[in-house]
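Here are some notes to read alongside the model.

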Amino acid sequence: MAQADALPANSSTPSTTQNGDVDPLRTRLSRILEGSDFPALSRQIIDTLGAMDDDAASLQRLANVVLREYSLTLSVVRTANSVHYRRGARPIQSATHAMMMLGARTVRQLAGSLLLFENYARKSPELKELMLLSLLTANHARATALRMQLQDPEEAHLCGMFRNLGEVIIAAHFPEDYRQVKTLMTDGGLNEAAATKRVLGFQFNDMGVEVSRHWGMPDSVVQGIRARATASASMQAAITAFSHDLTQALYKTELSPTELAQAVESVVEQHGAKVKMSREQIGGVVTDALEETRELFVNPAIATDRLRFRQLAGAARSALGDSITASTGEPGESDVAEREIALRPTLRQELEDLVNPASGAAIGAVLLQALEVIMRGGPFAHVLACFYSTDRLQLAARTGLGEGADALIDQFNFPVSVRGGAVVTLTQQRQPVYLPADRAMTTAEQRWAQTHGLAQFGVFPLIVLGKVVGCLYVDRASDAPLPDRATVRFVKSVADLVVDAIGRRRNG
């Protein structure tokens with residue numbers, strides 16, 4: 001994705017126009033780029049949406065992005081199980097399996113959308129509301145694209161999520177100015193264009209376009225930000241404009257049921273030339289969007305107000321009647337960890353299917369899915385796969401999952417000697433062990449654990465045809481409870497499947 005029009009990340013000098021005046025848009029963008037948190041978000045967005053090879057290292061990095069956020073794991077799995085992508089009769093639960101089905105491009109688009117949501121939804125009540133509306137627009141766009149049989153519904157989702165980026169950026173980084181704009185609109189009778197021009201010197205969408213270019217977003221995202229009912233460069237842009245206007249009509253004004261219905265009819269009329277759908281089909285789009293948004297409520301880290309969700313569903317039903325079938329019941333309140341533990345049998349069965357050489361899966365794909373099964377089914381903070389070098393003089397991590405996994409992989413390169421430390425010693429003992437659950441740590445093990453900032457960890461040797469080839473390493477956060485025996489047995493069973501996969505492929 002080209003970044004030809006992007007400002008440099010270290011731009012700090014306010015830009016000027018051709019006649020020498022200070023450019024208010026570039027000046028504000030420079031201030032944002034110098035902030036404490038925005039550069040980190042920029043790097044995440046650029047790394048996630050940037051070009052990525054289809055090699056094992058890239059897949060591992062992308063898996064870490066997906067598995068780090070529970071809402072993104074849900075989104076990837078749900079997308080793979082949708083009618084548009086689903087290939088088999090049995091639904092899947094493994095995110096790495098889903099990623100392989102969807103392809104890196106689709107997963108990057110999903111990740112880009114959720115990264116934006118996660119970053120801003122927690123910052124303030126105003127931003128929480130804006131991000132909820134952005135997510136609804138994104139889900140409207142995907143559902144519309146599916147009904148209109150576009151080839152890339154996840155690109156439509158990405159465009160919908162970023163459609164309102166400019167307003168989000170201003171609300172997040174210039175909250176007082178944002179409130180002034182809103183006051184001019186509610187009390188001063190100005191429309192958005194006039195109010196933003198007076199306070200900011202530019203419109204929300206101008207900032208959205210600049211930030212999108214800075215991040216190197218696809219041209220379709222920029223077109224979507226600018227798109228209008230009467231000026232859409234493509235069908236994708238037309239769907240983005242329609243989805244945004246549908247969200248605005250349904251959810252962003254306090255109207256009576258009659259007025260809501262009229263507002264939706266107005267949207268249908270304005271966009272009817274390109275987005276041709278019946279009232280019943282639009283009801284289906286809105287229902288799908290509400291149901292997908294509701295899925296996020298299983299994540300306790302997202303403080304979205306459940307009452308607000310019921311209000312949204314009520315507004316949609318007022319406008320579109322019985323065509324809205326979304327549930328307004330409370331999503332399950334059980335802890336995320338409990339949900340993942342309940343998935344152990346399903347995740348393990350999916351891995352068993354992949355272990356069979358008839359699946360066509362390479363050992364790298366099997367290994368990555370095995371690491372996901374352990375991390376989610378444990379659950380654990382980190383899971384690494386370590387293997388001996390060809391000369392058996394080093395034991396090194398090849399791949400891993402968990403927060404900071406790349407840095408941890410770099411640390412896990414041990415000489416196979418008395419200086420190798422606990423992981424080498426425990427691997428050579430050929431018996432699975434989780435410390436200190438199975439036994440108290442030795443002095444050497446305590447010293448090694450303290451060096452790595454650990455209170456608990458496990459090593460599960462991989463023994464193929466009688467020969468130790470490496471191990472699976474796991475750990476939990478220091479303040480987490482020790483795993484029970486069933487969890488340790490579960491990890492051992494997954495390690496056995498990895499051994500089976502390696503042995504059957506060597507024999508083949």
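1. Let me begin with a helix on the inside. In H12, the buried residues are Phe204, Asn205, Asp206, Met207, Gly208, Val209, Glu210, Val211, Ser212 and His214. That is 10 of the 11 residues of H12, a mostly covered helix. Please keep in mind throughout that this is a predicted model.

2. What covers the buried residues of H12? Helices H1 (24-33), H2 (38-49), H9 (165-173), H10 (175-186), H11 (192-199) and H13 are included in that cover.

3. Is Met217 buried or exposed? Its relative accessible area is 4%, and because the cut-off for buried is under 20%, Met217 counts as buried. Between the C-alpha atoms of Met217 and Leu49 there are 7.5 Å, although 168 residues separate the two along the chain.

4. The protein chain contains 24 helices and six strands. It has 508 residues, of which 53% count as buried. Among its contacts with a separation of 6 or more, 66% are between residues 24 or more positions apart.

5. Now to the sheet. The six strands make an open sheet with antiparallel pairing, and the order is E3-E2-E1-E6-E5-E4. At the edges are E3 (413-415) and E4 (433-435), each of which pairs on one side only. From one strand to the next, the twist averages 20°. Helix H24 (485-507) packs on this sheet, where it touches E1, E4, E5 (457-464) and E6. The direction of H24 makes about 30° with that of E5.

6. The pairings are worth checking one by one. E1 (residues 382-388) and E6 (residues 467-475) run antiparallel and are joined by six bridges; there, Leu384 has Tyr473 of E6 as its bridge partner. E5 and E6, also antiparallel, are joined by eight bridges, and Ile463 stands opposite Val468 in E6. E4 pairs with E5 in the antiparallel sense over three bridges, with Phe457 in E5 as the bridge partner of Leu435.

7. How enclosed is E5 by the rest of the structure? Largely so, because seven of the eight residues of E5 are buried. The hairpin of E5 and E6 has two residues between the strands, and in this hairpin Leu465 takes a positive phi near 55°.

8. For H7 (residues 125-147) and H14 (residues 235-251), the axes come within 8 Å and cross at roughly 130°. H7 is therefore oblique to H14. Their crossing is right-handed. On the H7 side, Leu133, Leu136, Thr137, His140, Ala141, Thr144 and Ala145 take part; they meet Ile239, Phe242, Ser243, His244, Leu246, Thr247 and Tyr251 of H14. By type, the residues of this contact are eight nonpolar, six polar and no charged.

9. The other pair is H6 (residues 104-121) with H8 (residues 153-162), which pack at an angle of about 20° with axes 9 Å apart. Angles under 35 degrees count as roughly parallel, so that is the term for H6 and H8. The crossing of H6 past H8 is left-handed. H6 contributes Arg105, Thr106, Gln109, Leu110, Gly112, Ser113, Leu116 and Phe117, which meet Glu154, Glu155, His157, Leu158, Met161 and Phe162 in H8. Here the contact residues divide into six nonpolar, five polar and three charged.

10. Ile363 counts as partly exposed because its relative accessibility is 36%. Which residues does Ile363 contact, leaving aside neighbours within four places in sequence? They are Ala501, Ile502 and Arg505. Ile363 and Ile502 are 139 residues apart in sequence, and from C-alpha to C-alpha they are 6.8 Å apart.

Technical notes. Residues are numbered from 1 along each chain as its sequence is written. This is a predicted model: local features need pLDDT of at least 70, side-chain atom pairs count only at pLDDT 80 or more; totals for chains, interfaces and linings use all residues. Side-chain values use heavy atoms; hydrogens and water are left out. Two strands pair if DSSP finds at least two bridges between them. Helices (H or I, at least four residues) and strands (E, at least two) are DSSP runs, numbered from the N terminus. Axes are lines fitted to C-alpha atoms, for helices over the stretch in contact, and angles run from 0 to 180 degrees between N-to-C directions. Contact means heavy atoms within 4.5 Å. Buried means under 20% relative accessible area, exposed over 50%, partly exposed in between (1.4 Å probe, protein chains only). Angles under 35 degrees count as roughly parallel, over 145 as roughly antiparallel, 65 to 115 as roughly perpendicular and the rest as oblique. A crossing is left-handed if the near helix is turned anticlockwise from the far one by less than a right angle, and right-handed if clockwise. Ala, Val, Leu, Ile, Met, Phe, Trp, Tyr, Cys and Pro count as nonpolar, Asp, Glu, Lys and Arg as charged, and the others, Gly among them, as polar.
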